[in-house]
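Take a look at the model below.

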Amino acid sequence: MTSTLLRGRTLSFVRWPQTIDDHSAWRYEEDGGLLITHGRIVASGAYPDVEKQADEWTKKIDHRPHLLLPGFIDAHVHFPQMQIIASYGAELLDWLNTYTFPEETKFANAQHGRRVARLFLDETARHGTTTVAAYCSVHKASAEAFFAESHARDMLNIAGKVMMDRNAPEGVLDTPQSGYDDTKALIAEWHGKGRQLYAITPRFAITSSPEQMEMAGALCREHPDLHMQTHLSENHAEIAFTQQLYPWSRDYTDVYEHYGLLGKKSLFGHCIHLSEREADALSDSGSVAVFCPTSNLFLGSGLFDYQRFRRRDKPLRIAAATDVGGGTNYSMLRTMEEGYKVIALNGEKLNPFQSFWQITRGNAEALSVVDRIGTLEDGTDADIVVLDARATPAMRLRMETVETLAQELFLLQTLGDDRAVREVYVAGRPARSDIAI
Ligand code: GUN
Ligand code: ZN
């Protein structure tokens with residue numbers, strides 16, 4: 001197999017950047033090279049050094065003056081919600097009942113699931129996202145469609161069929177037994193096939209009966225290496241309803257705790273209105289809180305207190321995500337732009353290095369896959385995004401006054417979107433395709 005040698009301005013993080021001057025937190029090469037063989041980065045660094053390791057058959061691609069970063073990671077997204085993104089006028093529970101659940105009933109049709117899975121992964125690639133943690137619908141066929149499409153593209157994706165057996169229309173309900181059986185079958189078929197990873201996915205406490213929560217806990221015990229993903233503390237009405245459904249619980253987090261769903265591979269979407277006790281429980285268990293700023297603003301859910309969660313004595317592990325279709329954009333750049341504003345409303349700042357750390361290495365750490373993706377380290381998978389900070393006339397004009405890498409990154413985050421993504425590589429192969437519906 002021939003190798004590929006990419007040339008450009010490479011940027012990859014080695015740890016959380018404390019400040020804008022914390023240079024040892026990242027590796028930046030003004031003239032960088034990445035040598036890729038069999039889908040992996042085998043050499044990286046200054047271009048002249050990396051070039052020496054290439055052979056005469058190596059295909060060379062020059063992306064200068066663009067930036068080469070690890071592909072973006074979206075830690076929480078609903079692929080069956082593509083056709084309800086931008087639905088007007090509701091808070092969480094009404095939004096679910098009015099738009100989301102009816103929409104997801106369509107995924108009983110496997111053909112529909114295959115079409116949307118294909119378009120969804122086209123769309124994420126166009127936005128520079130190379131890995132997602134995705135919720136499928138309740139239907140086994142929707143997860144099969146997602147994994148088949150992801151596998152065909154050789155993407156590292158994490159996904160699961162949602163388990164939900166109450167408080168929703170018949171067309172999106174399973175039962176404790178069928179939810180368990182379908183999940184088992186999907187794990188057997190897809191987990192570890194190529195780059196695919198399965199996540200046990202009870203939608204949230206409101207749509208699972210205690211019997212189903214028991215089953216979800218059993219699945220986690222039987223498969224301790226798997227991810228678990230669900231929603232937690234997004235909206236006040238949701239919290240109150242959960243308390244009604246599980247009257248014995250100390251708080252919302254206690255419900256998941258009770259059924260054994262907390263842990264290092266557990267991803268909790270939103271986590272906006274946590275008590276200190278709940279934050280302690282998440283921290284003690286190594287669970288991950290997933291920040292979904294565009295969704296939290298769009299649904300009026302609240303402001304995730306990112307910096308306080310990081311700083312507390314028992315800090316939270318944090319990921320960032322779009323939460324499409326509650327979220328309003330597929331772009332992790334747009335997501336961090338809104339994230340910046342949410343954090344600003346809490347009286348804090350997130351500097352641009354921290355932002356780009358979050359959507360690359362930070363999310364890879366939160367998803368426990370940093371040995372494989374999220375950096376440009378030798379030996380990791382060659383999932384790479386190429387970013388152009390002069391992608392639009394307004395960006396080009398603003399770039400005339402930009403003097404530092406930090407300013408360029410902040411410009412990309414504030415003005416950039418899919419137009420700033422010049423190319424995407426998945427396992428070393430170009431993957432940006434224009435949507436053909
Ligand atoms: N809580 C339960 N399901 C969902 C969903 O699909 N989106 C959001 N934002 N919150 C949820
Ligand atoms: Zn969600």
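What spacing do the donors of the zinc ion (ligand 2) follow along the chain? The pattern is H-x1-H-x152-H-x91-D. Before going on, note that this is a predicted model: local features need pLDDT of at least 70, side-chain atom pairs count only at pLDDT 80 or more, and totals for chains, interfaces and linings use all residues. Residues are numbered from 1 along each chain as its sequence is written, chains are lettered from A and ligands numbered from 1 in the order in which they are written, and side-chain values use heavy atoms, with hydrogens and water left out.

The zinc ion (ligand 2) is held by His-76 (NE2), His-78 (NE2), His-231 (NE2) and Asp-323 (OD), at 2.0 to 2.3 Å. Donors here are N, O and S atoms within 2.8 Å of the metal (3.2 Å for Na, K and Ca); water is not among the atoms, so sites may look incomplete. Angles among the four donor atoms run from 92 to 166 degrees, and the site is irregular. Four donors count as tetrahedral if all angles lie between 85 and 135 degrees; four count as square planar and six as octahedral if opposite donors are over 155 degrees apart and all others between 65 and 115; anything else is irregular. For reference, ideal angles are 109.5 degrees for four tetrahedral donors.

His-76 and His-78 are both buried. Buried means under 20% relative accessible area, exposed over 50%, and partly exposed in between (1.4 Å probe, protein chains only). Strand E5 covers residues 72-78, and seven of its seven residues are buried. Helices (H or I, at least four residues) and strands (E, at least two) are DSSP runs, numbered from the N terminus. E5 pairs with strand E6 (residues 129-135) in the parallel sense, over five bridges. Pairing requires at least two DSSP bridges between the strands. Val-77 has Ala-134 in E6 as its bridge partner.

Next comes helix H4. Its 13 residues, 140-152, should span 18 Å at 1.5 Å a residue, and the end C-alpha atoms are 18 Å apart, so the two agree. The expected span is 1.5 Å times one less than the number of residues. Buried residues in H4 include Phe-146 and Phe-147. Their cover includes helix H3 (110-126), E6 and helix H5 (176-190). Just after H4, Asp-154 takes a positive phi of about 60 degrees.

Now the core. The largest nonpolar core has 106 residues; Phe-120, Phe-146, Tyr-256, Tyr-306, Phe-356 and Leu-387 touch the most other members. Apart from it lies another core, of 18 residues, among them Ile-73 and Ala-133. A nonpolar core is a set of buried Ala, Val, Leu, Ile, Met, Phe, Trp, Tyr and Cys residues joined through side-chain atoms within 4.5 Å.

Finally, the backbone. Most residues other than glycine have a negative phi, and most peptide bonds are trans. Arg-64 and Pro-65 are joined by a cis bond, with omega about 5 degrees. Pro-65 sits in strand E4 (residues 59-70). The bond from Val-324 to Gly-325 is also cis, with omega near 0 degrees. Ala-86 has a positive phi of about 70 degrees, and Cys-271 has one near 50 degrees. Is each exposed or buried? Ala-86 counts as exposed because its relative accessibility is 64%. Cys-271, at 0%, counts as buried.

Key: Contact = heavy atoms within 4.5 Å.
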